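Subject: Structure for you to look at

Hello,

Here is the structure I said I would pass on. Please open it next to this message and follow along; my notes come after it.

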Amino acid sequence: MPGKRSWKRLITSRENRHPKLDDFPIRHKLIVTLLLISIVPSIGLSILTGWTVERIIEKQTTNHTLQLIGQVNKTLAGYTNNMQNLSYLISFHPQVESFVEGQGLDGENGHYEIREFLRNLTTLYPEVAGILVANSSGEYISNELYPKDDRNLNEENWYKEAEENEGIFKILGQPDNRNLISQVPYKDDEVVTAVRAIVAPENQEVKGVILIDLKQRVIAEATKDVRLGKSGYLMVMDEDGESIYSPEAARERDLSLTGNTDNAGTFSRTVDGSKTQFIYSKLSIANWTTLGVFPSGEAVKEVREIIFYVISFVFFLCFIGISASYYLAGSMSRPIHQLIFFMKKAEAGDLTVRYEDDRKDELGMLGRSFNNMLGQVERLISLTERQERKKREAELRSLQEHIKPHFLYNTLDTINWMARKQGAEDAARLVGSLSRLFRIGLSQGKDRISLSEEIEHINSYLSIQKARYKDKLNYSIEVPEKDKHVSIPKLILQPIVENAIYHGIKERRGPGHLRIQAEEINGELEISVSDDGKGIPRERLQKLKESLQSPMEEAGEGEGNGRGYGMRNTQARIQFSCGGRYGISIESLEGKGTTVTILLPYILEE
């Protein structure tokens, strides 16, 4: 035993050492709650504001950059469209057609006319650095370009790529080790090459190739003046990720677009240890990509000042929130402590205490409810005392009522025996029916009996009524043998049959017929009591139906219809023992008769 007490003290000490949240005073919890309500949303608002502003500025920066890239792409598209148009214009020139088809030209004059034609084109389009036309035999004509050695131009990569494209214009990018030089000493990284094969329409045979060099400086002029922030820039890359144009700041950096297949977009990447923002848009005709590059930090510098003001505002709110929290917590906790004091006095047995305050808020309402509760408790205590007295009186009356039926049943048995001894058979049968009626009514104190016992009881009752009404009353009982062992609440038919006789058949002219039927329907027992009596008027029938909807209520007892009380009491007994789904329903036509249906669960006797 000492060991158990020590364990209890240890557990108690641990519980005291680690108090639960519910153990803290409500004043402290109110302060913490108010602080959380005022401070946490403010902090969340500041974070959300900073994040939102940052996203908006970033989105605006992206949209602005895409607009700039779109303008650059529009310029580059103009250059590439011009080169494409030139390739078609050159291929349709009669002298060029004769040259690529291998037909002889008019000596040196023919070559001169083509070169002059090409020279005029480069004059009209100053962005073009040079034009060359080569036929399938390896011969060429150009205004600016010529081979470095005697190697056949048909073996050049640019010629083969043009053949593979089968007459479709293609920009190859900057030349790489090709066997061509220009009269103007352009380096390979100073021009961009485009080619298109001249194809015979009848058999798609390549007759020659047109090569056009675009000056790289026109691309640079379209992009170099575009500035993204303080240190951002634009660059142009071909489909293989090779640079078409890039400023000095980008030439030593790895800025490939590997994995980005969309026509336009944005992404971030760490380059040379710093986070860099990339915004790109592709030029479809040339399959180039214009790429905007700028440090990510430049897009959010404007946010820092906004965040500073927001944080300052949050600190101000925190100061106001702390002051308001202490004031409101004190205002709310004082009346609560008063209520606790009064409740302890009421718990000790003093029900005369009352909360006195004229507050109009919820705490004032709680205090007034506390006063009402104490008054109600006093009334309930008084009511309970009265009910206990009535309960004892009811138990005494119940005992007396049990004594009377037993005495009456035994007396009727004696009268029946004496009547038979004297030869009064009619009186003996009548007394026997009444005796069976009481015997089944007692049922050894059971609340449920079999359907066969209930039918025997109602048969005894009808025998007594038949002796009274003679030919006025006729009846039939139809119960299948298989349903006679169903367990039902006892004495539920007698009030209904009594109503049918006294308020139906008795009120009609001539003899009447009462029919009792029972059958199983969908796993439930349905008993119907039908009469061809007077019937029930519509208004009275409606009131009777409404009273059956709330049989437990006392309102409506003793109504003048004569049927309400007995049927309502039977309905209450059925629903109390079987459930609200079951019970009595009634239908009647005035002058035609009435049918009462009882629905019960189909439960066989054990």
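Helix α10 passes helix α11 in a right-handed crossing. This is a predicted model, and every value below was computed from it. Two packed helices are described by the angle between their axes and the distance between the axes. Here helix α10 covers residues 451-469 and helix α11 covers residues 494-505. Their angle is about 25°, and their axes are 10 Å apart. Angles under 35 degrees count as roughly parallel, so α10 is roughly parallel to α11.

Which residues make the contact between α10 and α11? On the α10 side they are Glu454, His457, Ile458, Tyr461, Leu462, Gln465, Arg468 and Tyr469. On the α11 side they are Gln494, Val497, Glu498, Ile501 and Tyr502. By type, the residues of this contact divide into seven nonpolar, three polar and three charged.

Gly504 lies in α11 and counts as buried, because its relative accessibility is 0% and the cut-off for buried is under 20%. Along the sequence Gly504 is 90 residues from Thr594, yet the C-alpha atoms of the two are 7.6 Å apart in space. Lys470 sits in the loop between α10 and β14, the strand of residues 473-478. Lys470 has a phi near 55°, which is a positive value in a residue other than glycine. At 54% relative accessibility, Lys470 counts as exposed.

Now the chain as a whole. How many helices and strands does the chain have? Its secondary structure comes to 13 helices and 19 strands. The chain has 606 residues, and 39% of them count as buried. Take the contacts in the chain with a separation of 6 or more: 61% of them are between residues 24 or more positions apart.

Next, the cores. The largest nonpolar core has 41 residues, and the members that touch the most others are Leu76, Ile90, Ile131, Ile219 and Trp288. Helix α2 (residues 26-91) supplies the largest share of this core, with nine residues. Apart from this core lies another, of 36 residues, which includes Ile458, Ala500, Ile505 and Leu548. Ile458 is also one of the α10 residues in the contact with α11.

Leaving aside neighbours within four places in sequence, Trp288 is in contact with Leu76, Thr80, Ile171, Val192, Ile219, Val236, Met237, Asp238, Ile244, Ser281, Lys282 and Leu283. One of these, Ile219, is listed among the buried residues of helix α6. Helix α6 covers residues 216-223, and six of its eight residues are buried, so α6 is largely enclosed by the rest of the structure.

A few single residues remain, in sequence order.

- Asn177 is in the loop between β4 (170-173) and β5. The phi of Asn177 is near 55°, again a positive value in a residue other than glycine. Asn177 is exposed, with a relative accessible area of 67%.

- Val184 is in the loop between β5 (180-182) and β6 (191-199). With a relative accessible area of 37%, Val184 is partly exposed. Val184 and Glu144 are 40 residues apart in sequence, and their C-alpha atoms are 7.5 Å apart in space.

- Thr570 is in helix α13 (residues 564-578). Is Thr570 buried or exposed? Thr570 is buried, with a relative accessible area of 1%. Not counting residues up to four places away in sequence, Thr570 touches Ile492, Pro495 and Ile584.

- Tyr602 is in the segment after β19 (593-601). At 22% relative accessibility, Tyr602 counts as partly exposed. Tyr602 and His485 are 117 residues apart along the chain, and their C-alpha atoms are separated by 9.8 Å. Apart from neighbours within four places in sequence, Tyr602 is in contact with Lys482, Asp483, Val486, Glu520, Gly523, Glu524 and Leu525.

That is the end of my notes.

Regards

Definitions and conventions: Residues numbered from 1 in each chain as written. Predicted model: local features only at pLDDT ≥ 70, side-chain atom pairs only at ≥ 80, totals over all residues. Heavy atoms only, no water. Core = buried A, V, L, I, M, F, W, Y, C linked by side-chain atoms within 4.5 Å. Buried < 20%, exposed > 50% of the residue type's maximum accessible area, 1.4 Å probe, protein only. Helix = DSSP H or I, 4+ residues; strand = E, 2+ residues; numbered from the N terminus. Contact = heavy atoms within 4.5 Å. Axes fitted to C-alpha atoms, helices over the stretch in contact; angles between N-to-C directions. Parallel < 35°, antiparallel > 145°, perpendicular 65-115°, else oblique. Left-handed = near helix turned anticlockwise from the far one by under 90°. Nonpolar A, V, L, I, M, F, W, Y, C, P; charged D, E, K, R; others polar.
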